[in-house]
Amino acid sequence: MPRLAVIGHPIAHSLSPAMQNAALRELGLAGEWSYEALDVVPGEFAKTVRRLSQGGFTGVNVTIPHKRDAFEIADDPSAAVRAIGAANTLSFGGGRIAAENTDAPGLIAALPEGADGRRALVLGAGGAARAAAWALADAGAEVWVWNRTPERAERLARDLGVRPVEPDTSHPATEISRYELIVNATSVGLEPPGREGADLKALRLDADSLNERHLVVDLVYGSSDTELVRAARRGGANVVDGREVLVQQGAASLRIWTGREPPLEAMRRAIQANPGEPEPADER
Ligand code: NAP
């Protein structure tokens, strides 16, 4: 029986088991395949992955805080993984570990229209921002990166061949009209609603400047809409929330392991039925 899992620490909050098991059921694979959550502390990651790769597992998703380690343990990292420097999908076979980063194609698949030629602003410079900036640039977008700590945005931009928002003008709100696509890849938005304005202030975004010409993607998801998503909707922007990106990255992983076309609607229903807690994002 092929086994799959998501490895992280902590992992109890993860929606992936509910989502992936729903997909396996819909595909008629539930009696054959299974997907579970494994809480693995950082020092145990490499040992655990080697044991799983030799013991009945077909592959694993990897989340906080192991995505960098997942790249480093891989025998066969994809070009995207090498560029981004992180992997979230490992596949085992022939005594080797292959690594993919499905956060990147997951983001692109979640967009209602292509990114080619679009001016995109990525907020953040952590693992999710690296995957988003790489994916958008690869899809033909012109990408700028803003981060609270400008040095990290500069480093990301250098590594991936995109542009940092200049530190001395690092106030995207003043120039928000320059961008058609805005992706929040920071961890801002995880706090429960109630401090209206605080998240947009942290992201230096002016809610009034979001309008119907913008497509806003918020990678952050929790049990309710983030402040950015609410503000973008109010302004008439087109919005993609973090749950849709979660579904699409999970679908891309499932496609790699099973070779089957993932049942997106069943996956969406599964995460709607499991509102879950906000995902922690200390590192990725
Ligand atoms: P990370 O590596 O820890 O990076 C966090 C980023 O957030 C950094 O750029 C950090 O800026 C910024 N940040 C944190 N607090 C801030 C604040 N108060 N004001 C302004 N910026 C702040 O995290 P990550 O792994 O990239 O993940 C980021 C988010 O994406 C998480 O919420 C994660 O759950 C989500 N995510 C979702 C999906 C999905 O499928 N929907 C996939 C991947 C990630 P500094 O550099 O200045 O510290």
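Colleague: In which helix is arginine 50 found?

Modeller: This is a predicted model, in which local features need pLDDT of at least 70, side-chain atom pairs count only at pLDDT 80 or more, and totals for chains, interfaces and linings use all residues. Residues are numbered from 1 along each chain as its sequence is written, and side-chain values use heavy atoms, with hydrogens and water left out. Helices (H or I, at least four residues) and strands (E, at least two) are DSSP runs numbered from the N terminus. Arginine 50 lies within residues 45–54, which form helix H2.

Colleague: Is asparagine 61 buried or exposed?

Modeller: Asparagine 61 belongs to strand E3, residues 57–62. Buried means under 20% relative accessible area, exposed over 50% and partly exposed in between, with a 1.4 Å probe and protein chains only. Because its relative accessibility is 4%, asparagine 61 counts as buried.

Colleague: Is arginine 50 buried or partly exposed?

Modeller: The relative accessible area of arginine 50 is 44%. Arginine 50 therefore counts as partly exposed.

Colleague: How far apart in space are arginine 50 and leucine 219?

Modeller: In sequence, arginine 50 and leucine 219 are separated by 169 residues. From C-alpha to C-alpha, the distance in space is 30 Å.

Colleague: Which residues does asparagine 61 contact, leaving aside its neighbours within four places in sequence?

Modeller: Contact means heavy atoms within 4.5 Å. With those neighbours left aside, the partners of asparagine 61 are Ala5, Val6, Ile7, Gln20, Tyr35, Asn88, Thr89, Ser253 and Trp257.
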